[in-house]
Amino acid sequence: MTAVERYNNLHNKIVSRDTIKRILKKAQQEKEQRVVTKLKKLLQADTSQKFEITIAKKLQAKEKKVTRNTKPQSSRKKKVTSKQKSKLVVKGMKMPVVVVSSKKEVTHQVIIPTSIKIDPPKQIPKKIISSTGLKSPVVSKPKAKPIQGLPTMADLDHIQKPTDTFKLNTELGTFLGDLERKPVHSVVVTLDAPAGSGKTRVFFQAMQDYASDGKKCLFFTLEEHSQSDLFKKKRDQYISPDNYGRITIIDDVTSYDQFKKLVDLHDVIFVDSFGKLKRLIKSFKLELDEHIRKAFDSKLFFLIFQRTSDGSMRGGADAAFDGDVILQVEKPNEDYRENYLIARKNRYNEIPMLKYSIYNQKIIHDDQTIHEKSIPPKLNPKNKLIVRSL
């Protein structure tokens, strides 16, 4: 069977990754680029070992060119009788036509009798669309055919929807929306706010939720050292001891290769802050879209950006557009308990104008006040040290 036939036979079947690789190898040998392109894209988009294949449109086999032998089978010339030399054929317009079977050009003088009338060709009338007047005939547009070897919208049906997502069943998860786990590239969430507005506390709350959901988290705490007392207090307030082992803490990074190796081992990555990360990695100019969002697959990034005095994001104007979700902290007044999160852009949440209270860790509705007197309890109260004598 040819590569095209083997590709068409995959329809409505569950096949292994090795089977697809064998068909791909055969297609490469036959230089069947249509099959090569589709199978390569399928293998690159999904790392599964088994695939349930549905082919929207089967491929047509290329027609083989048939070369005719122009040489005569016999060198002997057949005798042509006078009857076979010419034959008079009268067509529909009553015009005598001479058909000569001999290879040599033969000229004949045809005399048309005066009794034969030659009728002029009949004109085909145009179609009348309306009774009120004549219009040009309506010509139906031919259906556009896809360009061979290039992906179309129909190819998206062959890609299986990923079962693992970053959706959280918490108040913060409702605010963030149904974040997908992309098979190609990653999702980036940016957060910008002035100093002391609670950005790091949002990170601790998100780490607690994703660790509880079984995700491996990585925290680049580049602005606040992990051994400081402030960092430990935030950990005791927001992170449960059961999740300590699911969160990796990195205080310093000196190269992009080191950064990549750490990111590859985790699911959700938190960077505080992106500006400090750019200053620490001095080997090249770090770009959010090129070196983070498009450099990794199936990851979720949370990046803090410091806000300048004029209210813009520090780290480049492109960062405000490259993120999939753009969050910012609003400070209505000097009371930090009144601070809340809003989304300037969120591709994964259709609910507009949501507000998330950082202090109360819940979504704020229009009929509620932000500030509540009750303080959220600590998840890990500090244990007292008891010394016993033996």
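## Basis

The model is predicted: local features need pLDDT of at least 70, side-chain atom pairs count only at pLDDT 80 or more, and totals for chains, interfaces and linings use all residues. Residues are numbered from 1 along each chain as its sequence is written, and side-chain values use heavy atoms, without hydrogens and water.

## The sheet

Nine strands form an open sheet with mixed pairing, in the order 7-6-8-9-5-10-11-12-13. Strands are DSSP runs of E, at least two residues; helices are runs of H or I, at least four; both are numbered from the N terminus. Two strands pair if DSSP finds at least two bridges between them.

Strand 7 (247-250) and strand 13 (362-364) are the edge strands. Strand 6 (residues 217-221) runs parallel to strand 7, joined by four bridges. Cys-217 has Ile-247 as its bridge partner in strand 7.

## Helices on the sheet

Helix 8 (residues 256-264) lies across strands 6, 7, 8 and 9. Helix 8 runs at about 150 degrees to strand 6. Axes are lines fitted to C-alpha atoms, for helices over the stretch in contact; angles run from 0 to 180 degrees between N-to-C directions.

## The cores

A nonpolar core is a set of buried Ala, Val, Leu, Ile, Met, Phe, Trp, Tyr and Cys residues joined through side-chain atoms within 4.5 Å. Buried means under 20% relative accessible area (1.4 Å probe, protein chains only).

The largest core has 37 residues. Phe-270 and Phe-302 are among those touching the most other members. Helix 6 gives the most to this core, seven residues.

Another core, of 22 residues, lies apart and includes Ile-250 and Phe-259.

How values were computed. Contact = heavy atoms within 4.5 Å. Buried < 20%, exposed > 50% of the residue type's maximum accessible area, 1.4 Å probe, protein only.
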